[in-house]
Number of protein chains: 2
Amino acid sequence: MTSRDELQLAARNHGFPLELLREPITPVGLHYLLIHFDIPAVDAGTWRLEIGGLVERPLVLSVDDLKAREQRTLAVTLECAGNGRALLPDYEPSQPWLTEAVGTARWTGTPLAPLLDDAGVDPTAVSIVFTGVDRGFQSGVEHAYARSLSLDDARAPDVLLAYEMNGVPLPPQHGYPLRLVVPGWYGMTHVKWLHSITAIPEPFDGWQQTEAYTIDGEPVTRMLPRSLLIPPGIPDFLTRERTVERGLTTITGRAWSGFGEIARVEFSSDGGASWTDAELDEPVDRYAWVGWRAEWDAAPGPHELCARATDAAGNAQPLDGTWNHGGYCNNSVQRVPVMVR
Amino acid sequence: MTSRDELQLAARNHGFPLELLREPITPVGLHYLLIHFDIPAVDAGTWRLEIGGLVERPLVLSVDDLKAREQRTLAVTLECAGNGRALLPDYEPSQPWLTEAVGTARWTGTPLAPLLDDAGVDPTAVSIVFTGVDRGFQSGVEHAYARSLSLDDARAPDVLLAYEMNGVPLPPQHGYPLRLVVPGWYGMTHVKWLHSITAIPEPFDGWQQTEAYTIDGEPVTRMLPRSLLIPPGIPDFLTRERTVERGLTTITGRAWSGFGEIARVEFSSDGGASWTDAELDEPVDRYAWVGWRAEWDAAPGPHELCARATDAAGNAQPLDGTWNHGGYCNNSVQRVPVMVR
């Protein structure tokens, strides 16, 4: 962390305070937030969603039109693909996340697939492009924020166009009046301030699709498994180092994966030298993090607490992150140093 | 910005995105936030406010007790005393604010003075100590966050015990279920997660009162005047540098002071070499920032936009900040470099 650029980004955007892992649903204002450009001022009265391109019947929809359609609410865990970036050496300067770029909200909206059917998307369409109102430069290229999905991914039954978060209209910073929600995928996919959906006959070559959010040219897609624990005890203001009382204590946390349900969470109090299985709670929802707990007999002295998650597809968190240029997908285990007294 | 410590703080806490200066009242989640320790989990059902010390009739009040009393709503601008810190050289490491540690909310609660009367505070009390539930270490000293006011300052008619923010129950991060609101004072005074109010016969010597929030031993109190403008045009993601279209454009912003109303705002498009008076809007509320606007004929090329505020008490923003150990009260004028195309 050396540059004014990164400091500006860290002050504007914000992570999720890990003590709020105690709540299954993250309150508004505590969910992580990454905004590439500015938060646009959108007048929901005149705003319209345009669905066009390779479609038989282009659609223009108001917020009320969308609210009149089938409504669904899903609790979805959403994590930035750059979460863990600042734990890697020599990444390209960007939002310097440690481990806190995550949150779980209840998103209410209408499923996308029936809208694509109503528009009559041409089955030969290769990409469905989602474009936001927000506009700016990145690496010298001026563009509106836009991302694409394959037609199959866009048609997945739980992809939503969301107009509410936790039962209130989308806050401005989360995409008012409409955002895309693609359960299981990293946050860059969930286009905020959504303005148009366009079916095109070739792979989308937008900057955010081909330059950002790739590792060695391969696009980042679903969230790798990660577990985070609530740092126990009390913190120091500056260092955030924890002081914990000795004796039996219950360590709790939450874990998630975009590749399937969490099959196992393991806890370590010795920096990963030895592990014990944590007990998993009942899931909050199919696409939301799952709580877990582990008992720990805290003996006086320094300890390093860790947890690692394994999903049903067999993906497990590594002990150490793997470097890549953009600092993406570093799901190495969280390390929480504590001093027991 | 060099340390992991500061990065952690910048990722946890967050500033106010300046484009939201377009709104007189800051939406929940966009108000600046500085949390010294952790956000405590408070059960409002069992939580009580205790008023004691040098009083004739100690009081123990529930949230419902407080809501049954006189209710008042005030729009109050709240700024961190450390706003501008990271623009100073060699300050003591802390939350590295640039200029964005501010927000304006509608706080609803009950006035404090009648409660102090009901408790029968001894008129010889020197300090009224406000203590929060939140606890941790700072510079090696373990304490619950606590600040004091003189009896006169505590009795000021607009000091509130607030249980709502913008019409909803206080969010956890803003002090649920109760916080102190002291209009005009820097944010450190507005104790969150308020738990006890204690009248004592001597100056309060708590860490946050005597070690933090002082300049050369003098306590920081009211907000010095500051004006912020909405950076025009569109940003670059990483550098936040702005690109603006040429021609006549209206620059808008907001200004505030804890020492009285804003008497004047001046705008400069040449880095402070020359200034023109901005037009002031009608005030939102007595203790809230006031909007202003200035016309600017943007000519192609680089420019540095600035604004400076002067309050009715004659305090004006300096062009450059004055160094102090803790990096407090740097209200030097904001500088917004733009490139007009």
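Predicted model: local features only at pLDDT ≥ 70, side-chain atom pairs only at ≥ 80, totals over all residues.
How compact is chain A for its 341 residues? Its radius of gyration is 21 Å, close to the 20 Å from the globule rule, so chain A is as compact as a globular protein of that length. Taken along the principal axes, the box filled by its C-alpha atoms comes to roughly 70 × 40 × 35 Å. Of the 341 residues in the chain, 52% count as buried. Then there are the contacts in chain A with a separation of 6 or more: 73% of them link residues 24 or more positions apart.

Next, a closer look at one sheet. For strand 13, the partner is strand 16 (residues 247-256) of chain A; the two run antiparallel and are joined by four bridges. Arg226(A), for instance, has Trp256(A) in strand 16 as its bridge partner.

Finally, chain A meets chain B. Here 48 residues of chain B are in contact with 48 residues of chain A. On the chain B side, the elements giving two or more residues are helix 1 (4-12), strand 5 (127-138) and strand 14 (234-235). Helix 1 of chain B supplies the largest share, with eight residues. Sorted by class, this side of chain B has 24 nonpolar, 13 polar and 11 charged residues.

Key:
Residues numbered from 1 in each chain as written. Chains lettered and ligands numbered in written order. Contact = placed C-beta atoms within 7 Å. Nonpolar A, V, L, I, M, F, W, Y, C, P; charged D, E, K, R; others polar. Pairing = 2+ DSSP bridges. Rg over C-alpha atoms; globule rule 2.2 N^0.38 Å. Buried ≥ 20, exposed ≤ 12 C-beta atoms within 10 Å, placed from the backbone.
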